[in-house]
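Have the structure open while you read.

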Amino acid sequence: MKKLNLFLRKSFGKKIDGTGLAVFRIAYCLVLLCEIAQMFYFRYLIFDKIPYLEPAEIDFGIPISIWFIAVVFILFGAFTRFFTILNYIMGLILIGSIHSFEYHVFYAYMGINFLLIFLPVSQCLSLDRLFKKLKYSNTTFTYNPSKTVSQLYYFIPPFVGIGLVYIDSVFYKLSSDLWLGGLGSWLPSSLPMITHINNSWILNQEWLIRSTGWITILFETLFLFVFFRKGFRIWVLILGMFLHLGILMQFPIPWFALTACAIYLLLVPVSWWKKLFSSKNDSPTL
């Protein structure tokens with residue numbers, strides 16, 4: 001506990017560039033907008049008591065539209081605090097109203113949406129930053145709001161949106177004979193009604209498939225203990241992206257895969273984002 005307390009204090013006190021947090025905000029909101037648009041398209045199938053025959057008690061098109069608008073404002077970083085609260089409330093109501101199906105990304109959405117209320121995601125690349133800059137600047141002075149945030153803010157979303165989901169998944173995998181045999185991903189990938197493409201030429205490589213299954217269990221088990229360590233961060237990023245891009249190509253759950261990819265962007269070294277978005281006008285002290 002002393003080591004954990006020391007790590008949290010050190011991470012919270014360390015200030016780093018917040019551009020990566022803004023990139024995560026944009027990527028995550030784009031994925032969430034796709035999920036909400038799909039929910040709107042299939043709203044009768046999802047929310048009706050009997051789809052297209054016995055309607056739901058309310059017209060869910062209106063609250064879904066409100067949720068969509070809230071996420072658009074967060075995407076551009078405008079009035080972020082208000083719309084992150086609205087985003088969480090609408091997500092809680094709408095996802096909580098779905099009884100016809102459930103999948104892992106729901107937990108990630110609710111966890112990340114709650115965190116967005118408190119995370120300084122509008123510190124960079126946002127209209128809120130522009131509004132603040134215009135408010136305090138004048139003809140003789142240009143105000144540049146700080147771009148720095150606590151390093152801890154980079155670690156919290158992966159912990160909640162990926163790490164806790166992985167741990168839940170690991171308990172299931174360790175109780176499954178298929179996963180323990182390395183064939184957990186082989187079975188659904190072999191069913192034509194579940195997959196996008198025919199990968200039988202890969203699925204027939206027994207030891208490749210078994211190794212991939214065992215590596216997945218090991219990776220998900222160790223994620224919580226290594227993702228925040230500087231020496232492991234790049235490797236965790238590469239393996240995580242590879243895993244979820246594989247899910248994106250193979251299975252019809254694209255928003256689950258892309259949500260995880262958006263969160264993994266927080267593991268990209270901050271210096272990379274700083275170099276990519278830096279400009280000659282940036283103050284060297286920021």
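Let's start with a crossing: helices α13 and α14 meet in a left-handed one. Keep in mind that this is a predicted model.

**The α13/α14 pair**
- Helix α13 covers residues 230–250 and helix α14 covers residues 254–264, and their axes come within 8 Å, crossing at roughly 165 degrees.
- Angles over 145 degrees count as roughly antiparallel, so that's the label for α13 and α14.
- On the α13 side, the contact involves Val-236, Leu-237, Gly-240, Met-241, His-244, Leu-245, Ile-247 and Leu-248.
- α14 brings Pro-254, Phe-256, Ala-257, Leu-258, Ala-260, Cys-261 and Tyr-264 to that contact.

**The α2/α8 pair**
- Helix α2 (residues 19–41) packs with helix α8 (residues 152–174) at an angle of about 30 degrees, and the axes are 9 Å apart.
- That angle makes α2 roughly parallel to α8, since the cut-off for that label is under 35 degrees.
- The way α2 passes α8 is a left-handed crossing.
- Thr-19, Gly-20, Leu-21 and Phe-24 of α2 make the contact with Tyr-153, Tyr-154 and Pro-157 of α8.

**The nonpolar surface patch**
- Phe-76, Phe-79, Phe-82, Leu-127, Leu-130, Phe-131 and Leu-134 make up a nonpolar patch on the surface, and together they have about 720 Å² of accessible area.
- Helix α7 (residues 127–136) supplies the largest share of the patch, with 4 residues.
- Phe-76, one of the patch members, sits in helix α4 (residues 61–76).

Technical notes
Residues are numbered from 1 along each chain as its sequence is written. This is a predicted model: local features need pLDDT of at least 70, side-chain atom pairs count only at pLDDT 80 or more; totals for chains, interfaces and linings use all residues. Side-chain values use heavy atoms; hydrogens and water are left out. Patches are made of residues with over 30% relative accessible area and no salt bridge: like charges are joined within 9 Å, nonpolar side chains (Val, Leu, Ile, Met, Phe, Trp, Tyr) within 5 Å. Accessible areas come from the Shrake-Rupley method with a 1.4 Å probe; for residues, only the protein chains shown count as cover. A salt bridge is a side-chain nitrogen of Lys or Arg within 4 Å of a carboxyl oxygen of Asp or Glu. Helices (H or I, at least four residues) and strands (E, at least two) are DSSP runs, numbered from the N terminus. Axes are lines fitted to C-alpha atoms, for helices over the stretch in contact, and angles run from 0 to 180 degrees between N-to-C directions. Angles under 35 degrees count as roughly parallel, over 145 as roughly antiparallel, 65 to 115 as roughly perpendicular and the rest as oblique. A crossing is left-handed if the near helix is turned anticlockwise from the far one by less than a right angle, and right-handed if clockwise. Contact means heavy atoms within 4.5 Å.
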